[in-house]
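Take a moment to look at the model before reading on, and let your eye follow the chain from one end to the other.

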Amino acid sequence: MEKEIELQNLINEYFASSDYKIIENIIRGEKGTRVLEIFFDNEKSINIDEITKINKDLSSLIDEKIDLFNISNLVVSSPGAERPLKFHWQLRKHAGRVLEIEMNDGEKLEGRLAEFPELSDEKSGEEKITVEITVKEKGKKNTVYQREIKFKDIKEVKVKLSFTK
């Protein structure tokens, strides 16, 4: 456990001086086959060159202490579309996209991220988003309404992938 804390501190120090934020670290496997997965994001998009540079930098840092951490493989990546968004600030770059949202009370909804306040107080715990929800009723015109949702009331949110234009 002490080694994992030291490893986490090493990773935190690396990202502290950048625009990137750690989303999740996962260590899996047994001694000799342990894999460290580091998922990171920022408020803009991340390109493959950035991921490659961070991978090389972190590999060098960890290689120096490889025996200490018993890591045999390092995976560095942005979270990808299939992973839920964990932080309010991650939603900013998805304005206009359709989200799949599961609320803490079990309610599931789907809607387009209509509004993301640019100046939200992310430390207050009261961050909100506005989602446009379309209600489709057979034989009637679709109804669109806006719903304001507190981020703390969301259990899981994912960007819905769309393959049509």
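The paragraphs below turn to a pair of helices and then to a sheet.

This is a predicted model, in which local features need pLDDT of at least 70 and side-chain atom pairs count only at pLDDT 80 or more, while totals for chains, interfaces and linings use all residues. Residues are numbered from 1 along each chain as its sequence is written, and side-chain values use heavy atoms, with hydrogens and water left out.

Two packed helices are described by the angle between their axes and the distance between the axes. Helix H1 (residues 2-16) packs with helix H2 (residues 48-63) at an angle of about 140 degrees, and their axes are 11 Å apart. Helices are DSSP runs of H or I with at least four residues, strands are runs of E with at least two, and both are numbered from the N terminus. Axes are lines fitted to C-alpha atoms, for helices over the stretch in contact, and angles run from 0 to 180 degrees between N-to-C directions. H1 and H2 are therefore oblique to each other, a word kept for angles that are not under 35 degrees (roughly parallel), over 145 (roughly antiparallel) or 65 to 115 (roughly perpendicular).

Strands of a sheet pair through backbone hydrogen bonds, either parallel or antiparallel. Here an open sheet of five strands runs in the order S7-S6-S5-S4-S8, with antiparallel pairing, where two strands pair if DSSP finds at least two bridges between them. Strand S7 (143-150) and strand S8 (154-159) stand at the edges, each with a single partner strand, so one side of each has no neighbour in the sheet. Strand S6 (residues 128-135) pairs with S7 over eight bridges in the antiparallel sense, and Val131 has Arg147 of S7 as its bridge partner.
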